[in-house]
Amino acid sequence: MADTTRSTVTLPTEQVAELKKLTDNVSGYLAEAVARQLRHQLLGADLLHPQEEHGAFTDEEPAEARSRIFGNADADGSASAA
């Protein structure tokens, strides 16, 4: 089991009520949400490095990356029906 540290978090009452409807493990649920947000922020930071070195991405570059990752995608990023 991973090392843990006890922390107190204050949330709106309505959010806690909704969380308890979704899970019996609020701490685990929140830990997953924090991990997802951290990955999102780290990915965003990683995407800035090439732009700082080589300039802003062209419109085509993100579309090409989405296509390589997810297969053919429409301009809005949604997958094309095959």
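Modeller: Helix α3 (residues 60-70) supplies the largest share of the lining of the second largest pocket, 6 residues; helices here are DSSP runs of H or I with at least four residues, numbered from the N terminus. The model is predicted, with pLDDT of at least 70 needed for local features and 80 or more for side-chain atom pairs, while totals for chains, interfaces and linings use all residues. Residues are numbered from 1 along each chain as its sequence is written, and side-chain values use heavy atoms, without hydrogens and water.

The lining consists of Leu47, Phe57, Glu61, Pro62, Ala65, Arg66, Ile69 and Phe70. A pocket is an open set of points on a 1 Å grid over the protein atoms alone, where a 1.4 Å probe fits and protein lies on both sides within 12 Å along at least five of seven lines; lining residues have an atom within 4 Å of a point. The volume is about 160 Å³, taken as the space filled by probe spheres set on the points. By class, the lining has 6 nonpolar, no polar and 2 charged residues; Asp, Glu, Lys and Arg count as charged.

Phe57 sits in the loop between α2 and α3 and is partly exposed, at 34% relative accessible area (between the limits of under 20% for buried and over 50% for exposed, 1.4 Å probe, protein chains only). Together with Leu43 and Leu47, Phe57 forms a nonpolar surface patch of about 270 Å² accessible area; such patches join nonpolar side chains within 5 Å, from residues with over 30% relative accessible area and no salt bridge (a Lys or Arg side-chain nitrogen within 4 Å of an Asp or Glu carboxyl oxygen).

Conventions: Helices (H or I, at least four residues) and strands (E, at least two) are DSSP runs, numbered from the N terminus. Patches are made of residues with over 30% relative accessible area and no salt bridge: like charges are joined within 9 Å, nonpolar side chains (Val, Leu, Ile, Met, Phe, Trp, Tyr) within 5 Å. Accessible areas come from the Shrake-Rupley method with a 1.4 Å probe; for residues, only the protein chains shown count as cover.
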